[in-house]
Amino acid sequence: MPTGDLYGLLGVPPSASADDIRLAYRGAARRFHPDVNSSPGATDEFKLIAEAYAVLNDPGQRSQYDASLKHKNAAPVLALRSLLSRDKVPVLNEPQVVYALVEVRPALPPAELPTPPVNLALVIDRSTSMQGERLDQVKAAVAQLIDSLRENDTLAIVTFSDKADVLVPAQRTAGDHKITAKAKASTLHASGGTEILRGLLRGMMELHQNLSPASVNHLMLLTDGQTYGDEGDCLLLAALAAVDGISISGLGLGDEWNDKFLDELTAATGGSTAFIGAPDQLTKFMQDKVRGLGAAFSERLSLRVLPDQGVRLLTAYKVAPEPGPLPVEEMPLRLGSLPKDQALSLVLKFLLPPITEGARPIARLALTGDVLSLNRRGERATEDLAVTAQANFQAAAPPPALVDALSKLSQYSLQEKAWQKAAAGDIGGATRLLSTLGTRLLSSGQADLAKMTIAEAKRLERSHVLSEDAKKRIKYGTRALMLPAPPVSGSGRLRS
């Protein structure tokens with residue numbers, strides 16, 4: 001049982017009376033009983049609720065549990081809070097949408113905690129298309145990355161084309177090892193085609209030599225091309241990596257790589273994809289990523305969303321620190337790392353069924369993660385989302401933080417819909433969406449991105465052919481506009 005979360009499982013404070021606990025248990029058990037709730041994970045949640053009640057309903061066991069909470073290492077270390085777009089909704093005979101902005105923060109002062117070691121595998125595409133300036137920049141970026149690693153970090157470098165080779169076996173980056181690793185990295189040369197699966201497999205093998213729950217285990221994939229025929233196996237490998245606690249980040253160089261595939265691959269592990277528009281940007285991207293890995297407060301974060309009966313989770317989108325869509329088809333949502341000095345935030349979109357007057361729970365959010373520096377595994381935080389349906393409903397302004405996040409999300413969604421229409425042959429629809437996006441970007445002060453978007457709309461209208469370079473720049477440009485959400489104040493949901 002995760003320390004300090006028994007009260008959270010029942011949705012009551014530690015000061016709750018015995019009657020409060022019994023009432024809360026009945027309500028929670030009804031929500032997640034497998035005969036009522038068919039959501040994946042509902043049965044497991046029901047069992048946890050029953051176990052929590054068994055402890056808190058027994059005066060002796062509750063006293064022992066409360067005493068354990070006073071121990072300095074027993075306090076909760078993950079803070080989970082949320083804001084709803086509307087905590088009061090109208091009584092309707094038809095479905096309605098509600099958004100939630102969810103924020104995760106460290107519950108302890110992060111400056112007092114040591115930084116965890118990083119177990120890193122660089123997997124580098126060395127196919128023929130990488131030759132010349134691209135490969136020269138890769139060598140320079142890798143050399144600087146090696147210099148930035150600490151003595152307790154481990155590094156492996158794998159290169160691949162139509163076969164994979166271990167250029168630098170997994171080892172600690174201390175003393176002469178750095179010099180040797182940089183010398184070997186300088187021998188990189190380009191040849192062959194692109195088979196990403198081969199590189200991923202060898203990279204995973206190297207990571208597993210030092211795989212540890214006390215480390216940040218990460219694979220960084222750099223490619224400038226598309227892999228053919230092995231996409232499904234790559235995605236399966238990513239799913240297995242997530243189970244092992246390995247996250248994957250993708251760096252796409254140029255405009256010929258498959259952004260949809262790379263987004264799916266990295267999102268499956270809680271990682272993200274970055275677009276490298278020019279080779280000279282590579283060093284900064286790689287160093288920023290490794291710096292972030294070394295400053296993690298919590299690793300292997302996942303969020304299980306358990307909708308109540310009749311409620312559907314439609315979409316999930318990670319806002320910060322690395323924006324990107326999250327697949328909702330499988331639970332839990334993989335969130336990756338929580339930085340020491342920045343909140344992790346995401347936006348959830350729910351579809352509520354026809355609703356009658358009164359209080360109505362929407363979903364339970366169950367967050368788990370490992371806090372490496374404290375050697376605490378499987379830490380959990382729980383948040384219940386609920387609305388009140390009113391017959392005499394009066395709309396209130398949604399929270400500014402959520403409005404800001406949804407505004408940025410709408411810009412990203414516009415470009416996504418534009419590419420979908422273009423791919424379906426609806427060039428007119430695609431150009432209209434891009435023109436609308438350009439106007440919105442211009443009004444929000446994003447002049448360069450706005451000009452690029454409007455220019456691509458005009459070019460698409462004339463040629464009926466997408467520019468892959470413009471598509472990626474607009475896609476990742478609008479994604480990069482997502483900013484960290486301001487701290488969520490209060491005890492949780494916004495109350496009006």
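**Partners in sheets and helix pairs**

Me: Which residue of β15 stands opposite Glu299?
Reply: Glu299 stands opposite Asp370 in β15. This is a predicted model, in which local features need pLDDT of at least 70 and side-chain atom pairs count only at pLDDT 80 or more, whereas totals for chains, interfaces and linings use all residues. Residues are numbered from 1 along each chain as its sequence is written, and side-chain values use heavy atoms, with hydrogens and water left out.

Me: How do you know that β10 and β15 count as paired?
Reply: Two strands pair if DSSP finds at least two bridges between them, a strand being a DSSP run of E with at least two residues and a helix a run of H or I with at least four, both numbered from the N terminus. Seven bridges join β10 (296-307) to β15 (358-371), so the two strands meet that rule, and they run antiparallel.

Me: Why are β2 and β13 called edge strands?
Reply: Their open sheet has the order β2-β16-β15-β10-β13, with mixed pairing. Because β2 (88-90) and β13 (333-339) each have a single partner strand, one side of each is left without a neighbour in the sheet.

Me: Why is α11 called roughly antiparallel to α12?
Reply: Helix α11 (400-423) packs against helix α12 (427-443) at an angle of about 160 degrees, and their axes are 8 Å apart. Angles run from 0 to 180 degrees between N-to-C directions, the axes being lines fitted to C-alpha atoms, for helices over the stretch in contact. Under 35 degrees counts as roughly parallel, over 145 as roughly antiparallel, 65 to 115 as roughly perpendicular and the rest as oblique, so α11 is roughly antiparallel to α12.

Me: Which residues of α11 and α12 meet?
Reply: Among them are Leu414, Ala418 and Trp419 in α11, and Leu433, Leu437 and Leu441 in α12, where contact means heavy atoms within 4.5 Å. By class, 10 residues are nonpolar, five polar and three charged; Ala, Val, Leu, Ile, Met, Phe, Trp, Tyr, Cys and Pro count as nonpolar, Asp, Glu, Lys and Arg as charged, and the others, Gly among them, as polar.

Me: What is the mean pLDDT of the chain?
Reply: The mean pLDDT is 90, and 95% of the residues reach 70 or more, pLDDT being the predictor's confidence in each residue, from 0 to 100. Over residues 485-496, however, the pLDDT is below 50, although this stretch has 29 contacts in the model beyond near neighbours in sequence. Where pLDDT is low, the predicted coordinates should not be read in detail.
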